[in-house]
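The sequence and structure are shown first.

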Amino acid sequence: MEIEVLGRALSTLPADDDHPYRTGPWRPQTVERRVADCEVIGDLPTDLDGVYLRNTENPVHPAVSIYHPFDGDGMVHVVGFRDGKAFYSNRFVRTDGFVAEQKAGGPLWSGLAEDPAKSPTQTGWGARGRMKDSSSTDVVVHNGVALTSFYQCGDLYRLNPTTLETLGKAGWNGRFPSDVGVSAHPKVDEHTGEMMFFNYSTQAPFMHYGVVDDEDNLVHYVDVPLPGPRLPHDMAFTENYAILNDLPLFWEPEALAAGKYAARFHKDIPSRLAVIPRKGNTSDIKWFEADPTYVLHWVNAYEEGEEIVLDGFFQMDPEPPSGGGTIYQRMFRFLDNELMGPKLHRWRLNLRTGQTREERLTETTSEFGMINGLHGGRRHRYAYAATALPGWFLFNGLVKHDVETGNEEHYKFGEGVFASETAMAPRVGSTGEDDGYLVTLVSDMNRDCSECLVFDAARLADGPIARVQLPERISSGTHSTWAPGSAIPDWATADDPATAIGL
């Protein structure tokens with residue numbers, strides 16, 4: 001394997017670091033690398049064409065006092081596929097916060113589990129302010145450019161989708177809402193090229209919703225008034241509507257008034273789902289009530305007659321009991337899917353009557369669901385999700401949910417092997433929803449290595465058909481996306497798709 005070193009980051013993490021989310025499967029990288037032609041075990045299909053991108057919380061400095069695994073700096077990994085070959089690269093997102101801390105040689109902002117008043121600097125970003133915008137949560141591709149985002153709102157950083165060079169921030173011709181920013185999980189409609197997004201803050205109206213067209217213009221931006229500050233994480237869309245939420249897990253108002261940010265589940269408050277025409281006004285919003293829960297991630301939504309069908313992961317216990325223990329044990333219970341019990345769930349929102357019907361689609365605990373992107377906002381049958389290692393924010397298996405029949409197909413990676421959010425890549429010329437491939441990165445603690453695994457989406461249980469070898473065991477991460485080669489400028493004509501993309 002011929003490895004090119006692209007850069008290195010200054011790290012002040014201790015050599016004997018023992019933090020549970022900075023060691024083991026979460027050991028961070030400091031070196032940026034590129035492999036132009038990766039070694040492959042098995043055969044890569046020639047009709048797998050495009051890039052798999054995965055974002056990662058990758059810390060290089062210790063916390064001011066208490067490190068939370070969502071505090072790490074953004075690092076994106078890419079595995080590109082063309083002509084039966086694969087390339088790989090990893091790069092830090094050059095956020096303003098990352099650059100400032102590299103110059104300072106240490107942390108400048110308090111993290112998620114820390115008191116913002118004790119931040120070394122009282123500037124910052126985020127829904128609550130005074131945080132570093134690490135842009136480490138999500139990644140999508142819109143208008144030929146990769147965009148990274150932060151779950152508590154911030155800038156969208158533009159990356160070349162193959163070289164991962166940071167190209168600056170999204171500006172939308174001067175209309176980017178820099179006062180609030182954008183939350184993670186903007187949604188790209190692959191049929192129209194539009195991107196829908198939301199943001200939230202501690203200031204009224206507490207949420208906004210917007211649309212960016214296929215030429216990177218902000219063409220719509222409206223208020224979504226809420227009763228108070230909330231903690232939405234994701235959204236969904238159909239062909240004609242966007243779906244936002246007001247869920248009863250949010251910052252405790254009394255603590256918030258004292259400058260503290262403690263999230264609590266208010267089990268006596270119903271969930272509320274907002275349906276707004278894709279370019280509708282505030283007055284067009286219709287609210288639907290549903291059973292109290294928290295939904296970290298939605299899977300998809302579509303229109304069926306008078307109803308909107310919305311699928312997502314209903315948490316059975318959004319605030320598991322702490323049971324005492326260390327501050328880390330109390331904090332990390334919100335990362336344990338076995339405790340929170342997210343299960344694939346369906347909400348039917350009747351636009352005529354205003355009524356909500358709900359049903360659980362499975363008893364399997366899973367999360368981080370993905371679909372064939374061509375079915376985004378349209379009827380889907382399959383959802384590909386991750387199963388988790390009890391007690392940890394680690395994925396130890398995959399499940400393919402058939403939401404029409406209720407059947408499931410499972411694959412387990414084996415002890416000590418942990419996967420990433422798994423993207424569905426339709427093959428070139430695909431004719432069916434599951435006619436394509438599942439792509440994920442894994443960290444194998446047994447062999448101290450990482451691979452990119454490729455599965456036949458129609459036969460998940462058969463295991464991977466190809467294993468792309470990576471140059472280093474990479475840190476476990478969060479969200480991913482798939483972008484077909486047809487969505488990347490100059491992809492088909494470049495001699496070397498890993499470096500010759502013209503943007």
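## Basis of the model

The model is predicted: local features require pLDDT of at least 70, side-chain atom pairs count only at pLDDT 80 or more, and totals for chains, interfaces and linings use all residues. Residues are numbered from 1 along each chain as its sequence is written, and side-chain values use heavy atoms, with hydrogens and water left out.

Helices (H or I, at least four residues) and strands (E, at least two) are DSSP runs, numbered from the N terminus. Residues are buried under 20% relative accessible area, exposed over 50% and partly exposed in between (1.4 Å probe, protein chains only). Strand β23 (residues 342-350) has nine of its nine residues buried, so it is largely enclosed by the rest of the structure. Pro-342, Leu-344, Arg-346, Arg-348 and Asn-350 point one way from β23, while Lys-343, His-345, Trp-347 and Leu-349 point the other way.

Two strands pair if DSSP finds at least two bridges between them. β23 pairs in the antiparallel sense with strand β22 (residues 307-315) over nine bridges, and Val-309 stands opposite Arg-348 in β23. β23 also pairs in the antiparallel sense with strand β24 (residues 356-365), over six bridges. Thr-356 in β24 is the bridge partner of Leu-349. β23 and β24 form a hairpin with five residues between them, and Gly-354 in the turn has a positive phi of about 80°.

## Nonpolar cores

A nonpolar core is a set of buried Ala, Val, Leu, Ile, Met, Phe, Trp, Tyr and Cys residues joined through side-chain atoms within 4.5 Å. The largest one has 41 residues, and those with the most contacts inside it are Tyr-209, Leu-244, Leu-310 and Trp-347. Strand β19 (residues 271-277) gives the most to this core, with four residues. Another core, of 31 residues, lies apart from it and includes Tyr-151, Phe-395, Phe-418 and Leu-460.

## Aromatic and charged contacts

Rings of Phe, Tyr and Trp (its six-membered ring) pair if their centres lie within 6.5 Å; planes under 30 degrees apart count as stacked, over 60 as edge-to-face and the rest as tilted. The structure holds 24 aromatic pairs. In one of them, Phe-198 and Tyr-200 have ring centres 6.5 Å apart and planes at 20°, so the pair is stacked. Phe-198 is buried at 1% relative accessible area, and Tyr-200 is buried at 2%. The rings of Phe-413 and Phe-455 have centres 6.5 Å apart and planes at 80°, so this pair is edge-to-face. Phe-413 lies in the loop between β28 (408-412) and β29 (417-419) and Phe-455 in strand β32 (residues 449-456), so the pair ties together parts that are 42 residues apart in sequence.

A charge sits over a ring if NZ of Lys or CZ of Arg is within 6 Å of the ring centre and within 35 degrees of the ring normal. The charged end of Arg-272 sits over the ring of Trp-287, 3.9 Å from its centre. Lys-400 lies over the face of Tyr-382, at 4.4 Å from the ring centre.

## Surroundings of Asp-49

Asp-49 lies in the loop between β3 (40-42) and β4 (50-58) and counts as buried at 18% relative accessibility. Its C-alpha atom is separated by 7.7 Å from that of Gly-80, 31 residues apart along the chain.
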